[in-house]
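Keep the structure in view while reading.

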Amino acid sequence: MSTRRELTLAATHKVRDSCLCLHVQRAARALARRFDEVLRPLGLTQGQFSLLMSLNRPEPPSIGNVAALLAMDRTTLTANLKPLERRGFVKIAVDKEDKRSRRLIITPAGRAVLIRAYPVWQRAHAETERQLTGIGADAMRTALRELA
């Protein structure tokens with residue numbers, strides 16, 4: 001007699017069919033692929049677009065502020081900044097008021113690529129929203145914000 005507990009196939013199907021985390025992850029991957037594809041001609045991924053867009057502010061934000069907005073830890077954000085920094089789209093500067101803190105500055109080249117990318121994003125985003133026939137885009141955003 002085995003002392004090992006078994007999970008039934010029914011349990012596997014229940015997770016497959018009802019797990020919110022699984023469904024959100026699958027949707028996020030599908031959306032990321034869709035936006036990566038449309039932004040590829042500009043040399044950006046959807047993550048890079050979102051990161052650059054988060055820097056489009058009157059004053060350069062801190063690394064901590066951007067990490068919180070993008071729901072990333074600081075180490076992951078720093079790794080994601082490196083390619084943008086190498087391409088001259090972002091500069092990292094010491095905060096004048098707190099020398100321990102860093103500010104993220106979008107460069108003119110970064111702003112230029114963001115200006116070209118924004119209409120591409122708008123078209124892809126509008127098409128994605130049109131495909132949400134079972135639930136409206138606003139209802140989906142509300143539900144996702146409740147989880148975040």
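In what follows, Ala, Val, Leu, Ile, Met, Phe, Trp, Tyr, Cys and Pro count as nonpolar, Asp, Glu, Lys and Arg as charged, and the others, Gly among them, as polar. The model is predicted. By these classes, the lining of the second largest pocket has four nonpolar, no polar and five charged residues.

This pocket holds about 190 Å³ of space. Among its lining residues are Glu 59, Asp 95, Lys 96, Glu 97 and Arg 103. E1 and E2 are the elements that give two or more residues to this lining.

**The largest pocket**

The largest pocket contains about 1,700 Å³ of space. It is lined by 37 residues, and those closest to its centre are Ala 28, Leu 31, His 125, Arg 141 and Leu 144. H2 supplies the largest share of the lining, 11 residues. By class, the lining has 25 nonpolar, eight polar and four charged residues.

Helix H3 covers residues 46-54, and its buried residues are Gln 48, Phe 49, Leu 51, Leu 52 and Ser 54. Ser 54 counts as buried because its relative accessible area is 6%, and buried means under 20%. Its contacts include Pro 61, Val 66, Leu 69 and Leu 70.

The largest nonpolar core has 21 residues, and Leu 44, Leu 52 and Leu 77 have the most contacts inside it. H6 gives the most to this core, with four residues. Leu 52 touches Leu 44, and also residues including Val 113 and Leu 114.

Key: Residues numbered from 1 in each chain as written. Predicted model: local features only at pLDDT ≥ 70, side-chain atom pairs only at ≥ 80, totals over all residues. Heavy atoms only, no water. Buried < 20%, exposed > 50% of the residue type's maximum accessible area, 1.4 Å probe, protein only. Core = buried A, V, L, I, M, F, W, Y, C linked by side-chain atoms within 4.5 Å. Contact = heavy atoms within 4.5 Å. 1 Å grid on protein atoms, 1.4 Å probe; cavity = no way out; pocket = protein on both sides within 12 Å on 5 of 7 lines; lining within 4 Å. Points joined across faces, edges and corners; volume = space filled by probe spheres on them. Lists of a residue's contacts leave out its neighbours within four places in sequence.
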